[in-house]
Amino acid sequence: MNEFFRRIALQPRLRLELWLSSLLINLLGLASSLYSIHVLNRYLALGVDATLVTLTLGAVMAVGFEVLLRNARLRVAQWLCARADTELGETLFEGAVRGQYALVEQLPHTARREILSGQSTVQQCFGAPNLVTLLDTPFAFVFVVVLGMLSPFLACMALLVMAGVTLVSLLAQRRLREPMEAQSRIAIQMAGYQHNLTAGGEMVRAFSAADALKEKWRACADEQAEQRAQLNRLQNTMQNASYAGTLILSMVIMGLGAREVLAGNLDIGSLIGCNILASRALAALTRALGLGEQIGRGQRALELARQLCAIPRERAEGVRLGQTRGSLRFEDMAFGYPKQAVPVLEHFDYSLEAGKVLVFTGANGSGKTTLARLLVGLLEPSRGHLLVDGMDLRQADPQWWRRQVAYLPQEPQFFDGTLRENLCVLAPETADAKVLELCRELAVGAFVEGGAEGLGLVVRNGGGSIPLGIRRRLALVRAVLGGGQLVVLDDPTEGVDAEGCKAIAALLSRLVREGRTLVMMSNESFILGAADTVIDLNHKPVPRVLRDGKPAREGVQHG
Ligand SMILES: Nc1ncnc2c1ncn2[C@@H]1O[C@H](COP(=O)(O)OP(=O)(O)OP(=O)(O)O)[C@@H](O)[C@H]1O
């Protein structure tokens with residue numbers, strides 16, 4: 001409900017227009033009742049055709065104005081809702097991409113997907129049609145007041161029936177909360193299984209995981225069906241309440257009204273008018289009560305969205321040093337994930353001059369990727385400092401810093417778009433010829449140029465269909481085109497064939513000659529051989545420097 005009022009309050013001037021137009025619309029809505037009263041009382045009594053024509057013209061004009069005003073009001077409501085929806089979309093997007101990485105990552109993938117898709121639920125539930133329904137609700141009582149002017153007794157009866165319908169609907173709505181929450185929990189679970197089916201189709205078939213998955217799927221689907229049935233029963237109760245309420249109200253008004261007519265307290269015309277007014281009042285009320293379930297759904301989607309939006313943002317500003325030289329200093333640095341028994345590293349001290357090659361080595365899970373993310377500024381040390389050219393990375397503008405780093409993540413991902421858009425994301429002005437030259441240097445020229453679309457190839461699903469070794473080298477092209485002075489490569493040769501490794505070695509040699517600082521996470525012997533420094537992350541919790549000084553080999557040579 002608050003969300004509706006927030007939307008209405010977005011533009012104070014329009015807020016007044018919305019309420020005024022709703023008042024007019026509902027006043028004009030009285031025209032049909034007045035018409036019935038006057039036709040029955042005046043025209044039937046006197047039989048003057050001019051009276052009928054005048055009354056009909058007046059009623060038609062009132063209906064015409066009402067329709068025009070309703071259209072205009074809907075447009076204003078749509079404009080307000082579109083603004084609120086855009087705002088929500090942007091806030092969610094910002095939350096997902098600018099929320100502190102470590103905290104965003106703590107939300108499971110499926111939950112993040114559910115949160116982001118909740119945007120359309122909010123759009124639907126708090127949309128313009130529902131907003132105008134809500135605006136009409138207080139005017140249900142305008143009809144009751146007019147009814148009271150014709151017959152206070154019938155107005156009281158109408159209020160009694162309306163109260164009964166409201167009570168039943170509210171009780172049913174209170175019970176809706178539980179199945180609706182269950183539905184949203186099950187939807188997240190189902191989304192996980194759907195992901196297993198779409199992205200993990202090979203795993204499911206090759207390991208005969210279909211039976212195990214099917215069992216889980218069925219259990220989930222059964223629970224979903226059970227909750228949906230309960231939801232439907234409650235929705236049905238609400239519908240029945242409003243249907244029965246309408247019938248009962250009409251019977252009450254006509255039955256008791258007839259007695260009032262016989263007692264001489266009411267004329268026939270007014271009785272018909274009372275019946276129309278009472279049903280209009282109840283219709284406005286039941287429409288508003290019907291919103292309850294949608295408001296509940298929208299509210300839940302908003303609460304989920306708030307979880308993401310409540311995550312503290314990354315710093316939006318900080319120091320920008322121009323172009324970094326690429327010297328690094330780890331100063332008594334520590335990092336551990338929440339609930340981790342042994343931290344990834346502790347008391348780590350090391351200084352790296354600009355232009356040198358540092359390799360972190362270690363077994364799976366020793367912390368190589370974590371270190372890469374610390375260097376890129378996606379994670380922050382739990383203690384101590386990571387200095388770049390003497391400046392603590394915590395003071396740096398993250399956007400500036402990431403442009404100083406040519407980063408190859410361990411899991412190279414691309415966004416949905418063309419290969420050109422992806423490779424040139426950091427340097428959109430790069431000429432195709434330069435991109436292709438770098439692709440050839442990394443031995444992926446044939447892949448790019450061999451395809452009919454070339455750099456226009458459309459990448460989908462993170463680029464998962466591109467062979468890993470090629471995808472990794474394409475991601476290396478993207479990193480190098482960014483021009484960062486500090487090169488951070490997380491396992492650059494994983495899944496790459498011999499020819500690819502040779503090309504990577506040649507590229508690394510070129511980068512060293514250009515004076516870039518290279519930090520790599522690798523267990524590959526040719527990379528370890530070319531390092532000025534090798535640091536072993538297997539040694540816990542303080543990493544051990546295995547070699548510091550002259551590299552074992554001149555340049556980076558594969559084989
Ligand atoms: N987001 C996270 N939350 C909690 N623990 C994590 C998270 N990411 C990694 N870890 C844990 O931190 C440790 C280091 O993981 P990391 O991925 O950095 O290792 P790695 O050396 O890169 O492994 P690999 O060689 O397999 O890529 C592991 O024990 C891992 O389970």
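Analyst: The model is predicted. The UniProt annotation "transmembrane region", from an unreviewed entry, covers residues 18-37, 44-65 and 139-172. Over residues 44-65 the chain is 91% helix and 0% strand, with the end C-alpha atoms 27 Å apart. For residues 139-172 the span is 94% helix and 0% strand, and its end C-alpha atoms lie 24 Å apart.

User: Which residues does the annotation "domain: ABC transmembrane type-1" cover, and what is the helix and strand content there?

Analyst: That annotation, also taken from an unreviewed UniProt entry, covers residues 20-297. The chain over residues 20-297 is 92% helix and 0% strand, and 29 Å separates the end C-alpha atoms.

User: What makes helix 4 oblique to helix 7?

Analyst: Helix 4 and helix 7 (residues 128-136) pack at an angle of about 120 degrees, with 8 Å between their axes. The roughly perpendicular class runs from 65 to 115 degrees, and the roughly antiparallel class takes angles over 145. The value falls between these classes, which makes helix 4 oblique to helix 7. The crossing of helix 4 and helix 7 is right-handed. Here R73, L74, A77, Q78 and C81 of helix 4 meet A128, L131 and V132 of helix 7. This contact comprises 6 nonpolar residues, 1 polar and 1 charged.

User: How do you know that helix 16 and helix 18 are oblique to each other?

Analyst: Helix 16 (residues 432-441) packs with helix 18 (residues 468-481) at an angle of about 130 degrees, their axes being 10 Å apart. An angle must be over 145 degrees to count as roughly antiparallel, and 65 to 115 to count as roughly perpendicular. Helix 16 and helix 18 are therefore oblique. Helix 16 passes helix 18 in a right-handed crossing. V435, L438 and C439 of helix 16 meet V477, V480 and L481 of helix 18. The contact has 6 nonpolar, no polar and no charged residues.

User: What makes the phi of D389 and the peptide bond between K540 and P541 worth noting?

Analyst: Most residues other than glycine have a negative phi, and most peptide bonds are trans. D389 is not a glycine, yet has a positive phi of about 50 degrees; D389 is in the loop between strand 4 (383-388) and strand 5 (391-392). The bond joining K540 and P541 is cis, with omega about -10 degrees. P541 lies in the loop between strand 11 (533-536) and strand 12 (544-548).

User: How many residues surround the ligand, and which helix gives the most to the shell?

Analyst: The ligand is surrounded by 13 residues, of which the closest are Y337, N364, K368, T369 and T370. Helix 13 (residues 368-376) gives the most to this shell, with 3 residues. The shell divides into 2 nonpolar, 9 polar and 2 charged residues.

Methods:
Residues are numbered from 1 along each chain as its sequence is written. This is a predicted model: local features need pLDDT of at least 70, side-chain atom pairs count only at pLDDT 80 or more; totals for chains, interfaces and linings use all residues. A residue is near a molecule or strand if its C-beta atom, placed from the backbone, lies within 6 Å of it. Helices (H or I, at least four residues) and strands (E, at least two) are DSSP runs, numbered from the N terminus. Ala, Val, Leu, Ile, Met, Phe, Trp, Tyr, Cys and Pro count as nonpolar, Asp, Glu, Lys and Arg as charged, and the others, Gly among them, as polar. UniProt positions are given in the numbering used here, feature names are shortened, and annotations may be inferred rather than shown by experiment. Axes are lines fitted to C-alpha atoms, for helices over the stretch in contact, and angles run from 0 to 180 degrees between N-to-C directions. Angles under 35 degrees count as roughly parallel, over 145 as roughly antiparallel, 65 to 115 as roughly perpendicular and the rest as oblique. A crossing is left-handed if the near helix is turned anticlockwise from the far one by less than a right angle, and right-handed if clockwise. Two residues are in contact if their C-beta atoms, placed from the backbone, lie within 7 Å.
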